[in-house]
Amino acid sequence: MTTAIIELMGLKFNIPAYQRGYRWEKQEVTELLDDLWAFSEANDSGDFYCLQPIVLMENKEDGSYDVLDGQQRLTTLYIILTYLEKAGTPQSLGLADYTIFSLDYTTRKDCESFLRQKEFINTGIDDSNIDYFHICNAYTHIEKWFNIHPEAKSDITSILLSKTRVDSKKRAKRNVRVIKYIVNEGTNPIDVFIRLNVGKISLTDAELTKALLLQSDKYSGTELKYNRMKLHHLATEWDKIENALQQEDFWFFLNENSAEKPTHIEFIFDLIANKLQKKKRYFEEKPKKYSTFLIFSRYLDELMEVNELSRIEAVEKIWNEVVEYFEYFEEWYNNRMLYHYIGFLITVYSSQRELIIETLISKSKKISKSRLEAYLRNEISETVKVKKPILDLSYEDDKNAIHKILLIHNVYSTLVNDKENAYFPFKLFKKDRDKNKWSLEHIHAQNSETIKDRDKQNSWLDDHIDSLSKDEDAKELVNKLRDMRSLADIKEEDFNDLTSCVTIFLNEKSGITDKEKHSITNLCLLDSHTNSQLNNSSFDVKREKIKKREVENYYIPLCTRNVFLKTYTKYPKDNVYWRDEDREAYLKNIQDVYDYFTN
């Protein structure tokens with residue numbers, strides 16, 4: 001049956017533990033507002049606008065309703081009504097005699113309080129909790145939409161808060177309604193939830209598995225009261241684990257990108273499901289859709305039928321394994337040595353992440369922490385070890401090997417930086433890796449590449465006039481740079497000749513050979529975007545640009561920063577050139593880290 005929105009006011013809706021949190025984003029929120037306003041404006045669009053159904057199960061004890069489907073719409077309506085109430089629109093239209101319905105979360109009581117106390121109104125975007133983030137985000141989009149369409153406030157308020165009644169001309173007053181479907185008493189709510197959601201894109205394996213584990217109707221009346229407490233505890237732990245895995249520093253320590261799984265706990269379920277499938281072969285071929293849910297469904301049946309566990313014992317056995325995985329992840333993350341060693345291996349072997357994690361969990365159960373450290377050092381050794389001296393590695397032939405050595409140099413240098421108790425930021429290193437790859441930057445510039453754009457030519461000239469003006473020996477060269485900078489038109493051939501002169505001068509001052517230009521002593525890690533801004537620049541100019549990038553909050557790896565600050569060199573002669581003694585000191589520091597692992 002259809003029910004006017006005003007008739008939902010004062011009702012209490014419960015969001016069961018198996019339901020996902022609020023996840024509507026800008027598109028869904030603004031589309032709903034657009035549709036409501038279009039209906040209010042179009043007098044020929046019928047007597048009422050009907051939202052999609054909400055599926056409810058009534059609780060006879062207190063008259064509240066469990067929401068089996070429609071939580072996203074109800075929550076969005078709650079936020080819209082809260083905004084309109086704050087704006088004073090219902091009061092101005094004489095429609096203020098109501099109390100907005102309430103949303104009671106079975107396990108996420110903090111989220112219930114956040115909504116009830118309307119904390120999302122003045123907090124901006126609160127990202128301390130994934131549910132808070134989406135609720136605040138929705139409120140922000142609603143606020144922006146009404147700022148663009150201020151005249152819509154009274155129209156939308158009127159259709160939302162009008163009862164179905166007939167006016168003096170015997171016309172039905174137009175309003176917004178929702179199809180309210182009450183399932184029969186005794187119906188399995190989990191089955192209804194899965195049936196309603198199985199065709200929706202947003203449903204995840206984790207959510208289906210959660211529904212499978214939290215089915216309360218599977219227990220007899222005598223068991224239910226006792227087991228309900230256990231299921232409530234499981235649901236509460238679930239939310240704690242999900243919130244922890246939503247923290248980016250923690251997530252990127254183990255994963256490549258945040259969009260990989262919308263529900264991050266699914267990462268753990270996938271690991272366990274894949275292990276079960278390999279061991280027990282529930283399916284000849286792993287199902288392409290909902291494979292994790294289907295594997296856990298088979299596993300739950302096996303535990304009850306073959307192992308003769310009660311349902312609650314089988315559920316607890318599965319859940320304890322999920323908790324065990326999470327506790328290992330937490331232990332690795334909180335132990336600085338394990339964090340850096342494991343994080344390095346997962347970063348280098350991202351495609352073998354699952355194998356690395358399973359191996360480490362297996363070993364963690366059997367060996368001491370000191371032996372685990374020795375094992376990890378050995379794995380790192382096998383990863384970075386090369387068959388020739390690292391000084392003989394070249395940019396042209398050994399890019400991959402140099403990249404891994406410089407990465408472990410940065411990771412280990414961060415680990416031993418005890419003064420700040422620092423953690424290598426795998427999040428910053430991985431977050432945009434698909435779009436912005438990490439590359440090898442030549443510290444002392446290679447042979448200059450052609451610059452054709454006039455603005456870039458002028459910028460290059462300005463930078464090198466400032467830099468070379470610090471050296472008395474470069475006075476004649478600086479005058480040539482200034483003369484060219486003053487020209488209204490620069491010929492490409494003349495500019496290239498002058499850049500070649502600068503390159504020759506820099507090479508002589510730095511004492512660098514052609515072989516050394518491409519050796520590890522002249523290479524560091526930088527993101528490709530920063531790298532592209534440094535082409536054709538002297539050491540001094542690169543340092544200034546890197547300092548500027550860091551001030552602008554771009555991530556510069558620790559050892560790259562140390563290179564351009566000449567941290568490795570005792571009493572450097574100057575900061576203008578990358579000299580022999582600078583390269584030697586840098587190589588020694590890299591060699592010490594390399595030897596620590598490979599010896």
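User: Where is Lys 566 found, and what counts as a helix here?

Analyst: Lys 566 sits in the loop between α25 (558-564) and α26 (580-598). Helices are DSSP runs of H or I with at least four residues, strands are runs of E with at least two, and both are numbered from the N terminus. Before we go on: this is a predicted model, in which local features need pLDDT of at least 70 and side-chain atom pairs count only at pLDDT 80 or more, while totals for chains, interfaces and linings use all residues. Residues are numbered from 1 along each chain as its sequence is written, and side-chain values use heavy atoms, with hydrogens and water left out.

User: Why is Lys 566 called buried?

Analyst: Buried means under 20% relative accessible area, exposed means over 50%, and partly exposed is in between (1.4 Å probe, protein chains only). Lys 566 has a relative accessible area of 3%, so the label is buried.

User: Is Tyr 571 buried or exposed, and how do you know?

Analyst: Tyr 571 has a relative accessible area of 78%, which means it is exposed.

User: How do you know that Asp 104 and Lys 12 form a salt bridge?

Analyst: A salt bridge is a side-chain nitrogen of Lys or Arg within 4 Å of a carboxyl oxygen of Asp or Glu. The closest N and O atoms of Asp 104 and Lys 12 are 3.6 Å apart, so the pair meets the rule. Asp 104 lies in strand β5 (residues 102-105) and Lys 12 in strand β2 (residues 12-15), so the bridge ties together parts that are 92 residues apart in sequence. Asp 104 is buried at 12%, whereas Lys 12 is partly exposed at 36%.

User: What makes Glu 324 and Lys 365 a salt bridge?

Analyst: Their closest N and O atoms are 3.4 Å apart, so this pair passes as well. With Glu 324 in helix α13 (residues 311-334) and Lys 365 in helix α15 (residues 353-366), the pair ties together parts that are 41 residues apart in sequence. Both ends are partly exposed: Glu 324 has a relative accessibility of 27%, and Lys 365 has 48%.

User: How many salt bridges does the rule give, and which residues share partners in one network?

Analyst: The count comes to 35 salt bridges. One of them joins Asp 574 and Arg 579, with the closest N and O atoms 2.6 Å apart; Arg 579 is buried, with a relative accessible area of 15%. Salt bridges that share partners also link Lys 470, Asp 540, Arg 543, Glu 544 and Lys 547 into one network.

User: What makes helix α8 count as mostly covered?

Analyst: In helix α8 (residues 205-213), 9 of its 9 residues are buried.

User: Why is Asn 410 called buried, and which residues does it touch?

Analyst: Asn 410 belongs to helix α17 (residues 399-415), and its relative accessible area is 3%, so it is buried. Not counting residues up to four places away in sequence, Asn 410 touches Phe 424, Leu 525, Pro 557, Leu 558, Cys 559 and Thr 560 (contact means heavy atoms within 4.5 Å).

User: How do you know that Ser 113 is buried, and what does it touch?

Analyst: Ser 113, in helix α4 (residues 109-116), has a relative accessibility of 17%, so it counts as buried. Ser 113 touches Lys 118 and Glu 119, again not counting residues up to four places away in sequence.

User: Why is Leu 487 called partly exposed?

Analyst: Leu 487 is found in the loop between α20 (475-485) and α21 (492-510). Its relative accessible area is 41%, which means partly exposed. The C-alpha atoms of Leu 487 and Leu 415, 72 residues apart along the chain, are separated by 52 Å.
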